[in-house]
Every structure is written in C-alpha cells, then in structure tokens.
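Please take a moment to look over the structure shown below, and keep it in view while you read. The paragraphs after it are meant to be followed slowly, with each named residue looked up in turn.

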Amino acid sequence: MFPANTRILVVDDMMTMRKLVIKALKEMGFSDFIEAGDGAKGWEALSGSTVPVGIVVSDWNMPGSTGIDLLKRVRAESRFKGMPFFLLTAEAEAQQVAEAIKAGVSGYVVKPFTVESLKIQFEATYKKMAA
Amino acid sequence: MSFEKKIDGRMMVFQLKDELTDTLAASACAQAQEELDKNTQLEHIVFDLGENGISYHAFRHLCPLGLAMRKAKKQMFALTTDMATHRMIRSEGMDKTIKPIQMLSEVNPPAETPAAGQAAPAPSKLDVSFINPFVEGTLHVLKVQAQTEAAAEKPFMKTSATPKMHVDIAGILGITSKTFNGGIAICFTDKVFLAIMSKMFGEEYKEITKDLEDGAGEILNMIFGHAKKILNEKGHAFDKALPTIVRAPNLSINHSSKSSLILPFKAEAGTFFMEISTEKF
C-alpha cells in the first residue's frame, strides 16, 4: 500500500464530500491532505505544494474546471508522470468510465462509496505500480 | 469447487455452491463464450450463487464477457441473496455489465430496453419505472454513505390542497432533457438532516453550519447519479447537473410546473421527502 505519510490532494466542490473522503482516507491510515474546490484550484495546489503530492482523489462533476480537466492536465505534465489519480464520482455510466480510462485515470470510485471500495482501488493501483 | 451448467431456452445458468472465484469465473466465462458463439438464441448468462458472492478478481473475467454481451444486446446476471455482493457490484459501477438479481424471475428479455438512440416515453403520472430509480437511489445512498436506514412511503401528487410540508434545507437540481423538463428536490427538516449528517461523519452535530449545508446537495447528486444511470439505460438522456442548496426555516419549494410528485421517506430521526416536478405529471 502507499506509504501512510503520502500527501493526498482531495478535490471536490462540496466541502462535505471532501470531509467524507478525508475521513475515509484517515481510516485507511493516511494523514497528510490538501484540499481544493475545483480542477483549476486543484492544479494550483498540486503545482504549488511544498511537500510533493503523491496521490490525487478528485470529484468529476464540478463547476468550472472539472476532475477530468485536472486529470488530463496532470497526465500531460511530465513531472507528474505516473501519479496515482482517482476519480470519485456519482457518474457510473459506461461512457463516463470509458472516458476516464481513456484520460488515464488510475481508479474510478462510484459515489456513494465505502472505505473498502476506495481501498480496493488504492491497492490495485499500488500493485500495478509496484509490478 | 466447481459449477453445474444448464441451458434453458435463451438462458444459460451456472450453478455454484461456493463463491465465484477468479479460477471458476475464468472457466465459466470461457464456456459461456463458447456457447454464445455457437448458440445465437442464447441471450442471458446467469451465475446462480445462492447465498454466496463473487471474489473481486473474478470480475476481470466477468466484465469483458458482460460488456461484449451488452454490445450484442444480451445480459449477464449475478443471482445471489448476498446483498454485500449486490452493493459491491453497484458501488463499482459494474451493474450494467453483470446485473445483480435476487430471483430468477428478474431475468427480463432485453427487448424491453429501448434500442440505442431511441428515446423513452416521457414519464406520466406515478410511472413506477421512472420513480423507482429515485426511491432505490435514496435508500441506497443513505445506507451506504450515511449508514442510515430509511423506508419509502406511499408517493402522492402535491396539489394546492396538500398541506404545507415542513422543510428547513433542500438540495435542488434543475433538469432538461428530451424526455424530462423539471426539477428534483430532496427536502429535510433540520432535525432529520442533522441526524443524517451526524451518522455520515460519525460525530454529533447540533446545528447546520455552512460546512454541512452542501451535504443536502451531495446527497441529491448521488441519488441523481444512481437514477440517471438506470433511466438513461431505458432511453432517457439525462446529462450531468449540479445541485444547489436552499436553506431557510420552514421554506417552500415552488416549481414553475403545475404539479409535483412527492416521494416520502421515513428514517429513525423522522420523515423527509423527495419532490419531482415536471409539466408531464
């Protein structure tokens, strides 16, 4: 599993959802988080973080810059190459999942989510990266 | 560990006495594919698991076959009374690929689903197939995300004669599509909303702070996501929508359309309701 001290960027326009995601991540053993309210602010947080961000967990559907916009931007930047990027979204339609996979998402978690569903995605990505 | 298979008309059933493991899924999917290739009448593949579930790794074999079947307008089913498996399949967004069912009678011919691009009829009064995804979505979202058990009560049409219902906070979505123009709102009293938020975050809240308010919108967002997926499979064309939150003591939700459908729910902390409003009602 990813080291517990990995800094995680949580992006969601809904404060309650950020809080819920962080609660789940804490239950998984993580403790270092930064937050942003949309894709553009997420990019600023990611680029400007003094401690390098190791994982991004982002909502898809946000006003302005979306999670998929942020994912594409991250994947286009060589310094963030291979960064684990998880989309957490209420959009569970095959078309959306396909779009996320095409854009290079590491894992896709459908809301409502459980700690277990998030953990499964983290573990699968970690194993893939370690292989 | 093994399985028995039988073919009954358009249906092929794999009967298992244990969990559907990675190895069993690989073997069953290979046999199902072979049968699908030679038997064009075959439309449904059912994994009859009894009380058992599916191991997570089995999905790497089930999903490609399930997706290929869907493309061919066929369907794969997981018949199990293990509700954790139903939840897992749904939470991973795989229920289109492998549909979780509790009874064999739920295996419906795919002809009931409109062909791709064919619009579903607009919902009429108390159209159960339109309403149910919202009811199921509400119960599912509250159970999974807020550990809150709720029960759906009898829906009714809101008219000018309906007594005003107490609402302190509501999440509202405006929706425009080929088949539906209207709005959806989820409405809570302070007491019920605080009880749900307290369970969601595992800490007791006594007042609705700014930080908590958008929880109403997020709950509605998740319910809509659940319903949208099911309804779009039936030919509706709902797009993404962003909820807004309205908060005031004892507020009224007024929609521009003539009437609304009220879906009441009862939870331990009290009642709350969803209001679906469209000119078609």
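What follows goes from the confidence of the model to its chains, its cores, its interface and its salt bridges.

This is a predicted model, in which local features need a pLDDT of at least 70 and side-chain atom pairs count only at pLDDT 80 or more, while totals for chains, interfaces and linings use all residues. Residues are numbered from 1 along each chain as its sequence is written, chains are lettered from A and ligands numbered from 1 in the order in which they are written, and side-chain values use heavy atoms, with hydrogens and water left out.

The pLDDT is the predictor's confidence in each residue, on a scale from 0 to 100. For chain B the mean pLDDT is 84, and 89% of the residues of this chain reach 70 or more. Over residues 110-114 of chain B the pLDDT is below 50, and beyond near neighbours in sequence this stretch has seven contacts in the model, a contact being heavy atoms within 4.5 Å. Where pLDDT is low, the predicted coordinates should not be read in detail.

Chain B contains six helices and 12 strands; helices (H or I, at least four residues) and strands (E, at least two) are DSSP runs, numbered from the N terminus. Of the 281 residues in chain B, 52% are buried, where buried means under 20% relative accessible area, exposed means over 50%, and partly exposed lies in between (1.4 Å probe, protein chains only). Among the contacts in chain B with a separation of 6 or more, 69% are between residues 24 or more positions apart.

What can be said of the interior? A nonpolar core is a set of buried Ala, Val, Leu, Ile, Met, Phe, Trp, Tyr and Cys residues joined through side-chain atoms within 4.5 Å. The largest nonpolar core has 63 residues, and those with the most contacts inside it are A:Leu25, A:Phe122, B:Phe134 and B:Met274. Helix H6 (residues 210-233) of chain B gives the most to this core, with nine residues. Apart from this core lies another, of 28 residues, among them B:Met12, B:Leu20, B:Ala28 and B:Ala58. If neighbours within four places in sequence are left aside, the contacts of A:Phe122 include A:Met1, A:Phe2, A:Leu25 and A:Phe86.

How many residues of each chain take part where the two chains are in contact? There are 31 residues of chain B in contact with 27 residues of chain A. The two chains bury about 2,600 Å² between them, 59% of it on carbon and sulfur atoms; buried area is the accessible area (1.4 Å probe) that two parts lose on being put together, summed over both. On the side of chain B, the residues that lose the most area to chain A are B:Phe201, B:Glu218 and B:Lys240, together 23% of what that side buries.

A salt bridge is a side-chain nitrogen of Lys or Arg within 4 Å of a carboxyl oxygen of Asp or Glu, and between chain B and chain A the count is one. In a salt bridge, the side chains of B:Glu218 and A:Lys111 meet at 3.0 Å, N to O. The largest share of the side of chain B that touches chain A, 12 residues, comes from helix H6 of chain B.

Over all chains, a search of the whole structure finds 17 salt bridges. One of them joins the side chains of A:Arg7 and A:Asp32 (3.1 Å, N to O); A:Arg7 lies in strand E1 (residues 7-11) of chain A and A:Asp32 in strand E2 (residues 32-36) of chain A, 25 residues apart. Another salt bridge is formed by the side chains of B:Glu275 and B:Lys158 (3.1 Å, N to O). Because B:Glu275 lies in strand E12 (residues 270-278) of chain B and B:Lys158 in strand E7 (residues 156-158) of chain B, the pair ties together parts that are 117 residues apart in sequence. B:Glu275 counts as buried because its relative accessibility is 1%, whereas B:Lys158, with a relative accessible area of 25%, is partly exposed.
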